[in-house]
Amino acid sequence: MATSTGKVGQGRSEAANGLLLVSPTLIYAVLLLAAPLLTVVIYSLSLEEGGFGIDNYATVWSDRINQLLIMRSLTVSFSVTLVTVLLAYPVAYFVSFYVKPERKSLWLFLITIPFWTSYLIRVFLWKVILGYNGVINSGLMSIGLIDEPLQAINYNVPALVMTLAHAYAPFAILPIFVALEKIDRSFLEAGRDLGESQFMTFIRVTLPLSMPGVIAAVLIVFIPTVGDYVTPDLIGGGKLPMIANRIESTLLKQNNRELGSAIAVTAMLVVALVSVVFLLLNRRFLRGAK
């Protein structure tokens with residue numbers, strides 16, 4: 001009886017110790033993540049005349065401007081994600097397979113150098129490069145290729161995509177590199193021993209095994225770029241607003257907390273839905289690759 005009671009007490013003490021260990025993280029998550037999100041949801045369901053309802057969401061979905069901005073945000077984010085991952089994969093592949101082990105840490109260090117400056121400064125630098133009197137236009141005019149500054153390189157979606165792709169490139173390179181490092185090199189040797197070319201070995205072995213890193217890179221880039229509002233304002237010159245700019249304008253300039261919160265929750269739900277669909281498609285791809 002005493003032994004049984006001792007085991008129960010020991011089990012309870014272990015559970016209490018485990019709860020004590022995770023409690024700081026739990027409190028942190030509740031205060032800084034769950035509580036603000038719950039507040040935004042409550043605001044989105046609040047009505048100006050009092051009470052709660054979904055009228056704000058009906059207003060969001062019936063507004064043509066909100067629909068266009070959500071579609072633009074998704075289009076820009078998809079483009080940035082595609083460009084970033086396509087550029088990041090060769091870099092991660094090169095560092096993982098061709099750089100000597102003792103030099104890999106140096107390469108990773110160089111890749112993270114952009115983090116030494118603030119995101120805002122990096123965006124301003126691209127504004128200087130792509131501006132009407134920026135580096136590119138000044139350089140082309142100095143060598144006589146153009147007579148007047150080009151306007152096609154700034155204040156457009158490609159400039160926005162280029163800036164965001166550069167800003168989020170390290171976020172894509174690192175998870176892909178980690179996934180490539182985990183691949184057992186004997187699998188690649190087995191593929192070549194069976195007569196597969198290097199390209200087919202990459203398609204059938206390396207790429208499927210590195211897909212977890214690619215998926216992580218896609219989500220890391222896609223989710224924050226949908227909600228970016230600094231870059232469209234600076235690079236787009238205010239002519240290419242995205243859904244985050246709409247939220248900021250509704251909340252701060254119009255002081256409409258209810259509608260702004262409804263737009264924010266709607267954007268989060270759209271991003272969550274797209275992310276889930278992408279994960280399901282990739283899971284099906286991985287199952288088929290096996």
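Modeller: Ground rule for the charges: Lys and Arg count as positive, Asp and Glu as negative, while His and the chain ends are left out. Also, this is a predicted model.

Biologist: Fine. How many positive and negative side chains does the protein have, then?

Modeller: There are 21 positive and 17 negative side chains. The centres of the two sets lie 7 Å apart.

Biologist: Now the fold. How many helices and strands?

Modeller: The count is 12 helices and 0 strands. Along the sequence that reads α-α-α-α-α-α-α-α-α-α-α-α.

Biologist: What about contacts between residues 24 or more positions apart?

Modeller: Those account for 69% of the contacts with a separation of 6 or more.

Biologist: Switching to Ala-169. Where is it found?

Modeller: Ala-169 sits in helix 7, residues 157-181. Leaving aside residues up to four places away in sequence, Ala-169 touches Thr-84 and Ala-88. Leu-86 is 83 residues from Ala-169 along the chain, yet their C-alpha atoms are separated by 10.0 Å.

Biologist: Aromatics next. How many pairs does a search of the whole structure find?

Modeller: It finds 10 aromatic pairs. One of them is Phe-94 with Tyr-98, at 6.1 Å centre to centre and 20° between the planes.

Biologist: Why does that one count as stacked?

Modeller: Because its planes are 20° apart, and under 30 degrees counts as stacked. Phe-94 is partly exposed at 37% relative accessible area. Tyr-98 is exposed at 51%.

Biologist: And Tyr-168 with Phe-171, why is that pair tilted?

Modeller: The planes are at 40°, so the pair is tilted. The ring centres are 5.7 Å apart. Both residues lie in helix 7, 3 residues apart, about one turn of the helix.

Biologist: Is Tyr-168 buried or exposed?

Modeller: Tyr-168 is buried, because its relative accessible area is 11% and the cut-off is under 20%. Phe-171 is partly exposed at 32%.

Biologist: Last one. Which residues do ring pairs link into a cluster?

Modeller: Tyr-89, Tyr-93, Phe-94, Phe-97, Tyr-98, Trp-107 and Phe-202.

Definitions and conventions: Residues numbered from 1 in each chain as written. Predicted model: local features only at pLDDT ≥ 70, side-chain atom pairs only at ≥ 80, totals over all residues. Heavy atoms only, no water. Helix = DSSP H or I, 4+ residues; strand = E, 2+ residues; numbered from the N terminus. Contact = heavy atoms within 4.5 Å. Charge placed at Lys NZ, Arg CZ, Asp CG, Glu CD. Phe/Tyr/Trp six-rings, centres within 6.5 Å; stacked < 30°, edge-to-face > 60°. Buried < 20%, exposed > 50% of the residue type's maximum accessible area, 1.4 Å probe, protein only.
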